[in-house]
Amino acid sequence: MQTTKLNILHAVDELFDQETEFLAELVRYPSLRGKEAPVQVFVADVLAERGFEVDSWNLDVDEISAMPGFSPVPAAYDNAVNVVGTLRSHTRRGRSLILNGHIDVVPPGPLEMWTHDPFTPTIDGGWMYGRGVGDMKAGLTTNLYALEALRNLGKRPAADVFYQSVVEEECTGNGALACLHRGYHADAALISEPFSESLVAAQVGVLWFQVRLRGRPTHVAYAGSGANAIEAAIPLIAALHEMEHELNTEARRHHAFADQERALALNIGKIHGGDWASSVPAWCTFDVRMGLFPGQSIEVLRAHIESVIHDAARKHPFLADNAPEIVYDGFAAEGYALIDDTTPNAANAQNLLESAHRDATGKSLQHKAITATTDARFFGLYAGTPALVYGPHAEEIHGFDERVDLESVRRVTHATALFIASWCGLEDDKNRS
């Protein structure tokens with residue numbers, strides 16, 4: 001077995017230059033929301049060339065809207081394409097596995113604030129730079145090349161493996177949900193999000209909502225007779241932050257987040273309002289992100305938010321008779337705690353990943369509770385599938401000069417290949433004799 005482990009590690013190293021170039025090619029595609037189709041064609045072609053059964057389809061809101069975990073969407077899904085490559089086992093002696101990652105990336109922001117063009121991958125000092133390189137195209141790459149390393153040894157998993165490249169993770173998670181609807185289930189899932197070679201023990205949920213305010217427009221010379229919709233947002237935002245503080249009090253925290261004082265972060269992510277500098281603004285909208293702990297109800301949180309906003313509005317001279325409108329679109333994501341999954345399957349999967357990590361890095365696997373959400377919740381909450389979130393070290397994700405540590409990518413590929421070998425078992429790859 002030790003010889004097999006060493007062979008696997010060496011096989012990863014032999015392919016690492018190729019792996020790095022594949023990652024760079026993924027980054028060259030600006031796979032922003034609604035623009036993911038071209039890179040998904042590339043991914044599908046790569047999988048087909050490597051002998052996977054390839055399934056590529058457009059998300060259909062009508063098909064998944066009644067499923068648990070669905071998030072409402074304001075945008076069309078015309079170019080929202082999922083790709084799943086299935087590697088079939090000949091013997092099916094082992095345990096099946098989903099290798100999941102998302103191809104969508106967040107907007108880069110002002111390009112002049114990047115050191116390098118965000119969609120021109122650049123290697124400097126052992127880091128690769130680019131939008132999405134860490135979050136999470138590096139993870140998609142480690143998943144694929146872990147399998148490639150095994151197959152380069154003439155082996156393949158002794159159970160079915162489903163390589164998933166999904167969309168919509170950054171705003172709804174509906175891409176992963178669509179995979180469940182399409183029938184892709186397995187004994188465990190590994191999601192290679194960039195959490196610095198740690199295993200995610202728990203993650204918060206996320207709720208997005210928009211608050212829409214009306215005002216009374218007048219010429220600025222008569223501002224006293226109008227109602228400024230932008231300024232009316234200020235006390236509402238203050239009230240929401242008071243709610244945030246209340247929900248983060250020690251008595252309310254999930255046990256995995258006991259030492260985190262602001263695990264549930266409220267963020268005012270976007271605000272628009274008004275039409276003219278010399279007119280009192282007649283409208284304002286602001287978009288909000290709020291977290292929730294595992295086990296907490298989205299419906300209860302919505303009711304709480306609405307109560308806070310309407311209570312604050314009643315204290316405003318104009319909003320008291322012109323109530324704010326609250327609209328939900330995007331994330332309606334529950335929290336998920338792998339740490340609370342006491343099934344033998346979950347324990348076995350974690351133990352084998354810990355062993356694989358130790359063999360790859362020489363270090364013990366650290367567990368962490370994260371204040372973001374991932375697609376793990378779909379597998380863990382709605383499919384009875386333990387979801388392991390484990391990926392490379394990245395910095396400045398969602399920021400300027402996003403980058404991933406290439407040696408960390410190598411280590412995670414080592415660990416992932418070892419995990420696949422132990423979780424699924426290995427059989428001879430008849431296509432690579």
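**Notes on helix packing and a buried serine**

1. Starting with α2: this helix and helix α11 (residues 406–424) pack at an angle of about 115°, and their axes are 11 Å apart. That makes α2 roughly perpendicular to α11, and the crossing is right-handed. Bear in mind throughout that this is a predicted model.

2. Who makes that contact? On the α2 side you have Phe16, Glu19, Thr20 and Leu23, and on the α11 side Leu406, Val409, Arg410 and Thr413. By type, the contact of α2 with α11 splits into four nonpolar, two polar and two charged residues.

3. Next, α2 (residues 16–28) against helix α5 (residues 133–152). Here the packing angle is about 140° and the axes lie 9 Å apart. The angle cut-off for roughly antiparallel is over 145 degrees, and α2 and α5 are therefore oblique to each other. The handedness of this crossing is right-handed.

4. For the α2–α5 contact, α2 supplies Gln18, Glu19, Phe22, Leu23, Leu26 and Val27. From α5 come Val133, Lys137, Ala138, Leu140, Thr141, Thr142, Leu144 and Tyr145. The tally for this contact is nine nonpolar, three polar and two charged residues. If you colour residues by contact, note that Glu19 and Leu23 of α2 are listed against α5, and that Glu19 and Leu23 are also listed against α11.

5. On to helix α6 (residues 174–181), which is mostly covered, with seven of its eight residues buried. The buried ones are Asn174, Gly175, Ala176, Leu177, Ala178, Cys179 and Leu180. What covers them includes strands β1 (53–58), β2 (81–87), β3 (97–102) and β7 (161–166), along with helices α4 (61–64) and α10 (376–382). After α6 comes Gly183, which has a positive phi, near 100°.

6. Last, have a look at Ser192, in the loop between β8 (189–191) and β9 (199–203). Is Ser192 buried or exposed? Its relative accessible area is 1%, and the cut-off for buried is under 20%, so Ser192 counts as buried.

7. What does the Ser192 side chain reach? It gets to the backbone oxygen of Gly139 at 2.8 Å, and it makes a polar contact with the side chain of Asn143 at 3.2 Å. Leaving aside residues up to four places away in sequence, Ser192 touches Asn100, Met136, Gly139, Leu140, Thr142, Asn143, Tyr390, Gly391 and Pro392. Among these, Leu140 and Thr142 also turn up on the α5 side of the contact with α2.

Key
Residues numbered from 1 in each chain as written. Predicted model: local features only at pLDDT ≥ 70, side-chain atom pairs only at ≥ 80, totals over all residues. Heavy atoms only, no water. Axes fitted to C-alpha atoms, helices over the stretch in contact; angles between N-to-C directions. Helix = DSSP H or I, 4+ residues; strand = E, 2+ residues; numbered from the N terminus. Parallel < 35°, antiparallel > 145°, perpendicular 65-115°, else oblique. Left-handed = near helix turned anticlockwise from the far one by under 90°. Contact = heavy atoms within 4.5 Å. Nonpolar A, V, L, I, M, F, W, Y, C, P; charged D, E, K, R; others polar. Buried < 20%, exposed > 50% of the residue type's maximum accessible area, 1.4 Å probe, protein only. Polar contact = N/O pair within 3.5 Å; in protein donor to acceptor, adjacent residues only side chain to side chain.
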